[in-house]
Amino acid sequence: MELMDKLEILADAAKYDAACTSSGLDRAGRPGTTGNTTFAGCCHTFSADGRCVSLLKVLMTNVCAYDCAYCVNRRSNDVPRAAFTPRELCELTMGFYRRNYIEGLFLSSAVLLDPDYTTERMVEALRLLREEYRFGGYIHAKAIPGADPQLVERLGLLADRLSVNIELPSETSLSRLAPDKHKAGILRPMGQIAQRTAQSRRELAVYRHAPAFAPAGQSTQMIIGATPETDLHILRLTEGLYRKYSLKRVFFSAYLPVVPDPRLPAVTAKPPLLREHRLYQADWLLRFYQFSAAEILNEEEPNFDPYLDPKCNWALRHPEFFPVEVNTATKAQLLRVPGIGPKSVQRILIARRQQHLGMDELKRIGVVLKRARYFITCNGKAPVRGTRAEVAAALLDPNAFGVGMRQLSLDDFLPTALPGAAPLVHQLADSGMDAREAARIARQEALTCLTKRL
Amino acid sequence: MSYQAAVKDVSYCYDGSFQGFLCCVFESFSQKEIPAAVLPPAEGQTSLFPQRDIPTRPDLARRVAAGLERLGPSVRERVTTGFLADEPGKELTLLRFARLCFERGPSAARMLGDADVSAAFALERAVNNEGCKYIEFLRFEQRGTMLGTIIHPRHNVLPLLRGHFCSRLPDEDFMIFDATHGVALLRRSGKVCYMQMKQYTPAPDPAEEDWQALWKRFFHALTIEERRNTACQQNHVPKRYWQDMCEMQPDQGT
Ligand code: SF4
């Protein structure tokens with residue numbers, strides 16, 4: 001098989017993995033090697049679905065001994081199969097890296113024979129890349145659940161980041177859809193990685209040349225929308241994972257039906273992209289805004305509002321918290337204002353040491369006031385007094401009503417609901433309504449609803 | 001903001017170099033005035049005000065540079081990075097910013113609510129943003145004995161690319177040609193220099209087509225059709241960068 005065809009098959013098979021970041025580690029390039037890493041990571045391009053491409057994301061092989069219902073590579077699926085040799089993988093990585101196409105390699109694999117054999121092959125490829133090709137760029141490797149801890153150890157000494165996919169949000173779902181996988185098999189390597197990374201960090205602090213174990217930490221991913229868990233359940237799980245395994249990131253991947261299966265949503269179902277988006281927003285609130293899962297969702301409201309981002313939603317439930325005075329509020333208070341992010345907060349904190357901040361100053365600092373202005377005061381004065389309908393209009397998340405143009409031929413454009421639009425917009429558009437009209441109706445409905453709530 | 005100097009109806013004309021600009025700052029101090037415009041040679045004709053030629057004197061430039069140095073990294077960076085902007089009027093903005101910092105001390109750089117400070121900050125940010133974009137989006141090709149690329153940036157971003165690519169490719173020779181400004185950053189045998197250039201030769205090696213074809217295949221294989229969202233793609237990669245990215249070019253019909 002030609003290298004070109006292999007690359008296509010093995011990239012296509014890996015594309016559902018959400019993680020493609022190269023962040024979390026600063027390492028300068030050294031003479032005799034190729035490559036460095038930067039803490040913030042680097043996106044080298046964006047694919048037509050709007051996702052960042054940072055790493056050469058491929059599977060070692062898509063030949064799989066397992067039969068997970070949600071996965072294109074499962075044993076019983078009829079797809080072309082391929083496998084890279086370690087050398088092919090190294091040549092590709094180096095060639096792409098030198099040309100500044102990528103920041104490094106993201107190596108995952110289907111289960112070839114068994115987890116140990118698969119991991120051995122991955123270790124061999126990475127060893128070759130690091131030792132013979134002297135590659136100093138970013139490597140993210142996937143640990144295969146059930147692999148021998150010693151192999152995971154070797155993998156961690158070669159890779160910058162490791163990840164073990166938690167796959168599904170609950171054990172019940174896992175045993176129903178992925179009969180070959182077990183919760184313990186997933187959590188054990190996670191625990192091992194967390195413990196080894198922490199240990200290696202301590203050693204590095206004492207002794208500069210101690211071997212680094214997954215210095216950029218670990219991440220995980222779960223599929224959402226394939227199984228019935230609520231958003232609250234998922235968010236609590238996420239929070240727990242961050243605490244217990246000190247994960248750097250938890251990724252969510254909207255389930256995309258691939259084959260008919262009575263245990264799964266129908267093949268015609270659309271991937272729940274808006275829900276995925278809300279989960280990421282909530283994830284940001286956990287990581288950067290000092291929110292807890294219990295503040296974002298609760299038993300009475302266990303799922304996200306499709307039309308409001310979780311932060312706006314929290315603000316609406318807590319009118320007693322506002323308005324916040326920008327000139328005196330604490331960092332934590334500022335972070336809770338809808339429309340103000342950590343960067344703006346930083347700028348406000350710095351600028352207000354020099355001068356009193358009014359609306360003009362805030363604008364100059366680059367704070368976006370579209371939403372924030374309804375929740376703040378500047379020197380005791382509210383910047384605007386909006387009617388309830390105006391406030392509601394500013395708060396609705398435009399993503400939920402996204403409509404794009406699809407070009408059918410050179411002079412024929414058809415408005416279509418964007419993949420991330422709210423379910424109602426899709427429903428109306430699917431039933432034959434013009435997508436723009438569908439979005440307008442959905443927006444009107446959401447607006448009325450929200451105005452009443454205010 | 002009030003200065004201990006009045007705005008005067010005079011245009012400074014300087015030679016367009018950074019040193020020359022520093023001499024303009026010096027002039028503004030010694031004359032206790034803020035000029036109405038500071039013009040590089042190309043814009044010299046367009047001024048409404050009487051013009052004064054400011055000769056470039058390395059000794060004066062060095063004094064101002066040392067002064068900026070004393071004001072700390074955030075002031076210095078804003079002036080040096082902001083000066084890389086390719087934008088009419090940047091000199092006056094930066095001169096007013098520098099004067100403010102000399103009068104108020106380094107903390108003036110944080111007065112983002114002030115018009116001059118925020119204008120200088122905007123310049124710095126525009127240049128830095130574009131520099132970051134090219135660090136991500138430029139594509140090397142094997143051209144003869146070294147890697148090379150042609151880019152079309154709005155601002156003079158080459159100095160921002162230098163450190164990153166030297167660290168990324170420690171043992172590699174490479175050249176980045178800024179076709180907008182006719183300048184190239186050349187790194188050979190561990191040494192870096194800038195050169196004026198009209199065009200880049202040699203052309204890419206024939207094998208580059210294969211690499212680009214591989215990369216494009218990979219790039220297209222990654223896309224999840226059900227999630228297609230080209231508006232989002234364009235948000236992240238504005239169209240003006242596409243000309244310098246091989247994967248964004250339509251496939252050549254064969
Ligand atoms: S083990 Fe991995 S590759 Fe194999 S079917 Fe399950 S999810 Fe897919």
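Predicted model: local features only at pLDDT ≥ 70, side-chain atom pairs only at ≥ 80, totals over all residues.
Residues are numbered from 1 along each chain as its sequence is written, chains are lettered from A and ligands numbered from 1 in the order in which they are written, and side-chain values use heavy atoms, with hydrogens and water left out.

At the interface, 60 residues of chain A are in contact with 53 residues of chain B, where contact means heavy atoms within 4.5 Å. The two chains bury about 5,000 Å² between them, with 58% of that area on carbon and sulfur atoms; buried area here is the accessible area (1.4 Å probe) that two parts lose on being put together, summed over both. On the side of chain A, the residues that lose the most area to chain B are R98(A), R99(A) and Y101(A), which together make up 14% of what that side buries.

Two of these residues also take part in salt bridges, a term that stands for a side-chain nitrogen of Lys or Arg within 4 Å of a carboxyl oxygen of Asp or Glu. R99(A) is paired with E208(B), with the closest N and O atoms 2.7 Å apart, and R98(A) is paired with E172(B), where the closest N and O atoms are likewise 2.7 Å apart. The latter pair crosses between chains, running from the loop between helix 6 (158–168) and strand 6 (174–178) of chain B, which holds E172(B), to helix 2 of chain A, which holds R98(A); helices (H or I, at least four residues) and strands (E, at least two) are DSSP runs, numbered from the N terminus.

A pocket is an open set of points on a 1 Å grid over the protein atoms alone, where a 1.4 Å probe fits, with protein on both sides within 12 Å along at least five of seven lines, and lining residues have an atom within 4 Å of a point; the volume is the space filled by probe spheres set on the points, which are joined across faces, edges and corners. The lining has 27 residues, and the closest to the centre of the pocket are R27(A), R30(A), R130(A), L157(A) and A212(A). Helix 3 (115–132) and helix 4 (149–158) of chain A each supply at least two lining residues, and the largest share, four residues, comes from helix 3.

Turning to the backbone, the peptide bond from F322(A) to P323(A) is cis, with omega near -5°, and P323(A) is found in the loop between helix 10 (310–317) and strand 9 (324–325) of chain A. In chain B, the peptide bond from T201(B) to P202(B) is cis, with omega near -5°, and P202(B) is found in the loop between strand 8 (191–196) and helix 7 (208–222). L113(A) has a phi near 65°, a positive value in a residue other than glycine, and is found in the loop between strand 4 (104–108) and helix 3 of chain A.
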